[in-house]
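Here is a friendly briefing to read alongside the sequence and the 3D view.

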Amino acid sequence: MENNFDLIVIGSGPGGYVCAIRSAQLGFKTACVESRETLGGTCLNIGCIPSKSLLNTSEIYHKAQKEFNNLGVEAEKINLNLSKIMNNKKKSVLTLTKGVEFLFKKNKIVHLKGKGSISKNNVVTVTDSMGKKNNYKAKNIVISTGSIPTSLKGTKIDEKIIVSSTGALSFEKIPDELVVIGGGYIGLELSSVWSRFGSKVHVIEFLDQIIPGMDKDVSEEFLKILKKQGINFSLDSKVKDVKILNNKAIVSFINNKNSKKETIKCDKVLVAVGRKANIGQDIIDLGISLDKNNKIKVNEKFETSIKNIYAIGDVINKGPMLAHKAEDEGIAVSEIIAGQAGHVNYNVIPSVIYTSPEVATVGKTEEQIKKDNIKYKVGKFPFLANSRARVNNDTSGFVKIIADEKTDKVLGVSIISSLAGTMIAELAIAMEFGASSEDIARTIHAHPTHSEAVKEAALAVDKRPIHF
Ligand code: NAI
């Protein structure tokens, strides 16, 4: 086999595989190392994709149970077959990971199977499942090894009773009671899944708001919606410990403000308190510089402290841990290595929570804008006043646009809506082009669509919405 490459990518997640494809498109002899059986990394195998499968199925199940009858679609008996649901999830994952395999073949990318490590500046050692080592030379190496779940001090994730997202995506039985530690992305998406399937879910969040860092206004509305859906919350609460007794977990937590102690007995505990960079021993041995959070330090060209070694995605000290951020970095780094002007705009990265309704944001929050001492105007439009949302019985949420008071340039947008994840793309493009709220307000939006709420929110920035 060929053992001399222009570029070797370590890791085949959204950052790594996209980087490999772009590199091959640019004419580089490219290889990608992956230790998992299938390509696609955390996102395709045990993250974004399987979670979206369960979110979709659980939403359909929930609607069939709670909403169909009211609409006149009368179903006699709705059964839930968890093993079929899980098989469907596996099938989706397999189709997509095979899709990446196909793209590798199409682009003549060599898939090196095994665990990759950098043994010298230009040598990648791949250790296969039998422990056999092979060395490959590379003019350039891109580290894209992603991230792994963190846990609480003293709480060991066994993936049986105390689980990470990996375990919570594969429960064999619907837990009667599920405690979720952490009201962030993973915590809330998986709370939604299991709550809709029938579990009693209790989220314990350390801070006084869910999804810290999100516009407070949006986070408060989102919390109200989730509570109405039956999910219980203890905010401002710190988990002290999790004990296992007779196959049950006992979670003890304490309120940060009044020091009140509580315990909850449950079948499963999901620990979703964040992820950390997946740094191999090779990175430490080579002396690649890390920041205080143990993430790889890179400059604007994604260069690490060692020449010809680059890093992208969750493993670096830039931007949020999001698949699409990693993808864009993968494209940019290949283009930079090819001498082109690869670039990632960190100011315009949409983020989406795929609950029902979805919550999507791009740009700055109102709190950040205030902190930056920028004078601003806000336009808000509720889906209650959007005709399509009303027709679909889908009226929760709003669009909130924040624009600069003087220039009217859009600074940040948040959307709560069943279609927020798709709708936010319009705002990301608007922001990339430096749009003003007036530009959006004067763009014709098709009627009747949820997107009209975006136009109305833009009109509301100038206090002239039509339907509210
Ligand atoms: P996260 O950072 O989103 O949320 C973790 C939460 O745990 C925070 O709210 C934090 O305050 C809380 N927490 C920390 N220690 C705690 C304690 N002792 N007790 C109670 N609460 C505690 O992390 P999460 O949800 O684990 O997700 C990891 C990463 O994966 C995120 O960076 C996210 O960007 C990414 N992700 C993105 C998704 C998407 O784009 N839809 C879906 C899933 C994950």
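**Helix packing, a sheet, a hairpin and a pocket**

Helix α1 passes α5 in a left-handed crossing, meaning that the near helix is turned anticlockwise from the far one by less than a right angle, with clockwise being right-handed. This is a predicted model, in which local features need pLDDT of at least 70, side-chain atom pairs count only at pLDDT 80 or more, and totals for chains, interfaces and linings use all residues. Residues are numbered from 1 along each chain as its sequence is written, and side-chain values use heavy atoms, with hydrogens and water left out. Helices (H or I, at least four residues) and strands (E, at least two) are DSSP runs, numbered from the N terminus.

**Helices around α1**

- The axes of α1 (residues 14-25) and α5 (residues 82-106) cross at roughly 20° and come within 10 Å; axes are lines fitted to C-alpha atoms, for helices over the stretch in contact, and angles run from 0 to 180 degrees between N-to-C directions.
- α1 and α5 are therefore roughly parallel to each other, a term for angles under 35 degrees.
- Helix α10 (residues 323-337) packs with α1 at an angle of about 30°, their axes being 7 Å apart.
- α1 and α10 are therefore roughly parallel to each other as well, and their crossing is right-handed.

**Strands**

- An open sheet of 5 strands runs in the order β8-β15-β9-β10-β11, with parallel pairing; two strands pair if DSSP finds at least two bridges between them.
- At the edges stand β8 (162-163) and β11 (232-234), each with a single partner strand, so one side of each has no neighbour in the sheet.
- β8 and β15 (residues 268-271) run parallel and are joined by 2 bridges, and Val163 has Leu270 in β15 as its bridge partner.
- Strands β12 (residues 237-245) and β13 (residues 248-255) pair in the antiparallel sense over 8 bridges; Lys243 has Ile250 in β13 as its bridge partner.
- β12 and β13 form a hairpin with 2 residues between them, and Asn246 in the turn has a positive phi of about 45°.

**The second largest pocket**

- The second largest pocket has a volume of about 880 Å³. On a 1 Å grid over the protein atoms alone, a pocket is an open set of points where a 1.4 Å probe fits, with protein on both sides within 12 Å along at least five of seven lines.
- Its lining has 32 residues, of which Glu67, Gln229, Ser356, Pro357 and Ser396 lie nearest the centre of the pocket; lining residues have an atom within 4 Å of a point.
- α3 gives the most to this lining, with 5 residues.

Terms used:
Grid points are joined across faces, edges and corners, and a volume is the space filled by probe spheres set on the points. Angles under 35 degrees count as roughly parallel, over 145 as roughly antiparallel, 65 to 115 as roughly perpendicular and the rest as oblique.
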